[in-house]
Amino acid sequence: MSFFKTPAFKFKYDSDSLGGVLAYYLYTLRNNSAIVPTRLFIYPSALCNDSCRYCSDGIYASKDKDFLRYEPTKDFFGNIKYINKLIRDVKKLKIKDIHLFGGGEPFFYKENMFYFLEKLRDTDVFIRITTNANNLDDRDINYIVKNKLLSQLNISLNTESEKTAEKIYASSLRHTHSLNTLNSITKYKELYQADFPKVNIMSILLNVNLGGTAVGTMSN
């Protein structure tokens, strides 16, 4: 039996069950008079802690963009009141699948993101986050795995060396940090005999890897 399998959770740590119920819902949608939300996409912030050459977003990407000039108190995950309202809605609507991602970095407001995840620990909802992992350290990974906070972690990793990372990111150290993050996940999943979070590597095929410019397409 999986470390995370409990009678209370049908979807939180079982992507197959989640996929099945979502597919059935879409198949029967035309016959239903009421639309019931099951999947929720959340953009926690438009701010990012990196400056990728292929990206037009991010806190360092463009200083003259008006949409980046908003007050932190008005940013979604910069405000606990917004997060508490979101948590109540997730539970009330019985959302089964949450995907946190966007032009910004979900862990930009790391403390608030952990608050959000902790409040949903006892809720049967599959939670996945797409992140550059810049703001995560070994202690964070330990906490995530030990406390079963995430179902899936998608990590953006587009480089094979620090030399390539220097041409793409704000810091060449991001490459090594990403590898260290993956090592931490493996270490703590073995320590706690855990199957989750599942890990996906999100990559972009870049010409810079071949000596050109950083232009590419998404590839899983």
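Helices here are DSSP runs of H or I with at least four residues, strands are runs of E with at least two, and both are numbered from the N terminus. Glutamine 193 has a positive phi of about 50° although it is not a glycine. At 65% relative accessibility, glutamine 193 counts as exposed; the scale calls a residue buried under 20% relative accessible area, exposed over 50% and partly exposed in between, with a 1.4 Å probe and protein chains only.

Before we go on, a word on the model. It is predicted, with local features needing pLDDT of at least 70 and side-chain atom pairs counting only at pLDDT 80 or more, while totals for chains, interfaces and linings use all residues. Residues are numbered from 1 along each chain as its sequence is written, and side-chain values use heavy atoms, with hydrogens and water left out.

For context, most residues other than glycine have a negative phi, and most peptide bonds are trans. A positive phi turns up at lysine 148 too, at about 55°, although this residue is not a glycine. Lysine 148 is found in the loop between helix 4 and strand 4 (152-156), and its relative accessible area of 28% makes it partly exposed.

Now step back to the whole chain. It has six helices and six strands, and along the sequence they follow the pattern α-β-α-β-α-β-α-β-α-α-β-β. Of the 220 residues in the chain, 42% are buried. Taking contacts (heavy atoms within 4.5 Å), residues 24 or more positions apart account for 69% of those in the chain with a separation of 6 or more.

How do the helices pack? Two packed helices are described by the angle between their axes and the distance between the axes. Here the axes are lines fitted to C-alpha atoms over the stretch in contact, and angles run from 0 to 180 degrees between N-to-C directions. The axes of helix 2 (residues 80-93) and helix 3 (residues 110-119) come within 10 Å and cross at roughly 25°. On the helix 2 side, the contact is made by Ile80, Ile83, Asn84, Leu86, Ile87 and Lys91, and on the helix 3 side by Asn112, Tyr115, Phe116 and Lys119.

Helix 4 (residues 138-146) and helix 6 (residues 173-191) form another such pair, with axes that come within 9 Å and cross at roughly 40°. Among the residues in this contact are Ile141 and Val145 of helix 4 and Ile185 and Tyr188 of helix 6.

Finally, the cysteines. A disulfide is a covalent bond between the sulfur atoms of two cysteines. With a cut-off of 2.5 Å between the sulfur atoms, a search of the whole structure finds zero disulfides. The sulfur of cysteine 48 has its closest cysteine sulfur in cysteine 52, 6.1 Å away and so too far for a bond. Cysteine 48 is buried at 11% relative accessibility, and cysteine 52 is buried with a relative accessible area of 13%.
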